[in-house]
Amino acid sequence: MSTLDFVTVPVNVSDPMIPRVYRVLRTRWNTGDTFSLELVPQEGGDIPAFEPGQFNMVYIYGVGEIPISISGDPARRDLLIHTTRAVGTVTHSMSKLNVDDTLGVRGPFGSAWPVELGRGKDIVIVAGGIGLAPLRPAMYRILANREQYGRVVLLYGARTPADVLYRKELEQWRSQFDLDVFVTVDRATGNWRGSVGLVTQLIGRAPFDPLNSMAIVCGPELMMRFTTMELMKRGISGNNIYISLERNMKCGIGLCGHCQLGSVFVCKDGPVFQHSQVEHLLTRWEL
Amino acid sequence: MTKSSKADFKSRFVLERQDFQCLLDALNGQGYRLIAPTPRDGAVVYDEIAAVSDLPIGLTDEQERGTYRLKDGDPGRLFGCGLGPHSWKKFLYPAELRLWNAHANGSLAITPDDHHPERLALIGVRACELGALRVLDRVLSGGQYHDTVYEAQRDHLFIVAVNCGRAGNTCFCASMNTGPRAESGFDLALTEILEPERHYFVVEVGSEAGQRLFDGVPHQSALEADVQKATTIIETTATHMGRHLDTTGIKDLLYANFENSEWDEVAARCLTCGNCTLVCPTCFCTTVEDVAELTGASAQRIRRWDSCFTMDFSYVVGGHVRASARSRYRQWLTHKLAAWIDQFGSSGCVGCGRCITWCPVGIDLTEEAKTIRAHSQPKPETKSRKKIHHENT
């Protein structure tokens with residue numbers, strides 16, 4: 001038997017499974033456990049265009065790969081920014097990277113905050129903890145087109161004053177006349193004289209027109225559940241609320257099966273969902 | 001057989017048993033490696049064969065929940081055994097696949113692996129397994145992203161289907177509309193007819209490639225009586241299914257019974273070993289693993305079959321989404337029989353019965369679905385929604 005006459009054409013594993021190598025341009029600790037990496041492609045060139053809310057699969061050599069949302073400005077194609085907390089094996093290794101170290105990146109994957117649908121409306125951004133990171137690109141996008149929106153409200157809750165993410169940027173935004181920024185902490189420490197309490201408690205008095213608003217929400221799942229309840233209590237329809245979900249992901253392209261939530265694949269149908277689409281899934285324990 | 005080929009060629013022929021080796025030789029001559037059922041360690045597995053004598057000749061099997069035994073069957077019969085633990089999935093979607101290799105000499109460098117599809121002749125593919133390939137086609141190459149290794153291998157298959165002359169005790173392809181007759185998706189389909197005086201196959205040609213190959217194999221035209229015999233065999237098989245699954249409204253039934261207490265009952269028996277997912281011809285979940293060399297000079301990315309029955313499968317920071325056995329069995333069954341329909345437009349179950357046979361504690365998917373149906377405690381989604389609002393307003 002000879003198979004030589006039937007030479008087959010080799011194929012690569014599909015491109016979305018092959019990481020592109022990036023170089024660390026700058027590292028920065030945002031809080032005690034949260035850091036940002038500014039990355040550029042090792043071979044030069046632009047980073048792939050991405051939409052606010054999308055994520056990358058980030059690979060640390062010999063350690064592993066995890067999904068991390070993109071935190072930079074979608075208008076900038078020269079720099080990729082990821083902000084994450086050092087909580088697991090990969091993120092701990094990632095936190096130890098230095099300038100000029102390299103890592104692998106696949107993406108961008110997943111759905112995006114549909115900020116364009118909010119044109120002509122008030123925008124309510126509600127973030128809990130590290131949940132501000134995937135919302136920041138949406139903020140940049142909105143600010144770049146500020147005249148297209150009504151009031152823009154950012155409600156942010158952190159555990160303690162020391163955990164407030166992007167503090168300088170928040171202070172800058174808070175100083176702008178065309179933004180309403182409210183920050184609260186679960187526990188006041190030190191000389192904090194700001195608001196204390198859950199981020200949900202800010203919703204009742206936030207300045208927006210519930211009948212003409214779009215809300216985008218990111219934080220722990222429980223926080224998002226209570227936040228959406230409060231938003232709906234104020235009168236925003238579930239169709240105008242978007243949330244971002246987190247699940248175990250190995251491929252990012254809907255083939256590995258890990259991120260299933262009922263009939264959706266969080267990686268490709270999400271991570272950003274219209275709240276009314278997934279509300280029934282979020283109330284099911286161990287789904 | 002490429003997945004796009006259709007069985008437009010319904011010409012039927014007769015292949016005598018003594019010419020069966022000629023069929024294998026013809027496939028060999030076209031550069032195909034022959035993969036077929038073959039007995040090994042007391043079970044029938046799919047692996048390379050050299051000659052017709054490697055088939056499980058004269059053997060049959062006894063299958064029940066948690067039970068599999070090979071035993072003597074009709075002497076001389078080539079395809080008297082039903083399905084074993086293997087499925088053809090392993091040739092298209094390998095249990096272990098190296099995706100790429102990384103080096104870190106100063107800077108990270110990633111080299112993707114090349115995969116050479118092989119010309120494989122799959123011999124003895126049952127109708128339910130053709131159904132499983134159709135399911136995998138939709139999952140792995142029907143969406144936005146494709147598994148290119150699967151697709152390339154899929155295009156290099158020659159499929160010799162075999163219509164079932166006997167239904168196993170754990171079979172229910174008739175319930176899932178996948179068998180026992182091979183309707184499409186093959187190059188050749190055989191029905192084995194074993195009579196005291198004559199042993200032969202009625203052959204249906206399903207593709208141009210099948211016709212080209214069969215032209216080089218000694219055969220005759222089939223008589224109407226031969227075709228009738230083959231049809232009767234398949235029809236009889238259809239009425240002898242060992243299992244039955246009522247699929248009426250099964251998607252809504254399972255969605256509505258998320259909180260059914262019967263899940264606790266099956267969880268008390270389930271070992272969460274994952275056997276069912278490994279023998280399933282459509283389970284497609286994988287994980288990736290990084291294997292670093294001891295020196296640290298290189299690391300490989302390996303993709304492996306994974307199972308939703310493991311705790312780690314659903315791990316996110318803060319814990320495992322599906323920590324209980326109850327939730328993991330429910331996920332598997334509900335995905336297979338319900339969510340799959342929403343995701344891919346068909347059931348994920350083809351009725352092959354492997355999960356029943358190979359479950360070490362004998363959990364029977366058809367029984368579990370029946371139990372849920374009999375003790376349905378529907379909890380419509382809208383109701384739970386209202387309840388939450390009520391509690392908080």
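Reader: Over the face of which residue does B:R198 lie?

Author: This is a predicted model, in which local features need pLDDT of at least 70, side-chain atom pairs count only at pLDDT 80 or more, and totals for chains, interfaces and linings use all residues. Side-chain values use heavy atoms, with hydrogens and water left out. A charge sits over a ring if NZ of Lys or CZ of Arg is within 6 Å of the ring centre and within 35 degrees of the ring normal. At 3.7 Å from the ring centre, B:R198 lies over the face of B:Y200.

Reader: Is the pair of B:Y46 and B:W88 stacked or edge-to-face?

Author: Rings of Phe, Tyr and Trp (its six-membered ring) pair if their centres lie within 6.5 Å; planes under 30 degrees apart count as stacked, over 60 as edge-to-face and the rest as tilted. The centres of B:Y46 and B:W88 are 3.8 Å apart and their planes lie at 10°, so the pair is stacked.

Reader: How many residues apart in sequence are the parts that B:Y46 and B:W88 tie together?

Author: B:Y46 belongs to strand β3 (residues 43–48) of chain B. B:W88 is in the loop between β5 (67–72) and α2 (89–92) of chain B, so the parts are apart in sequence by 42 residues.

Reader: Is B:F309 buried or exposed?

Author: Buried means under 20% relative accessible area, exposed over 50%, and partly exposed in between (1.4 Å probe, protein chains only). Because its relative accessibility is 2%, B:F309 counts as buried.

How values were computed
Residues numbered from 1 in each chain as written. Chains lettered and ligands numbered in written order. Helix = DSSP H or I, 4+ residues; strand = E, 2+ residues; numbered from the N terminus.
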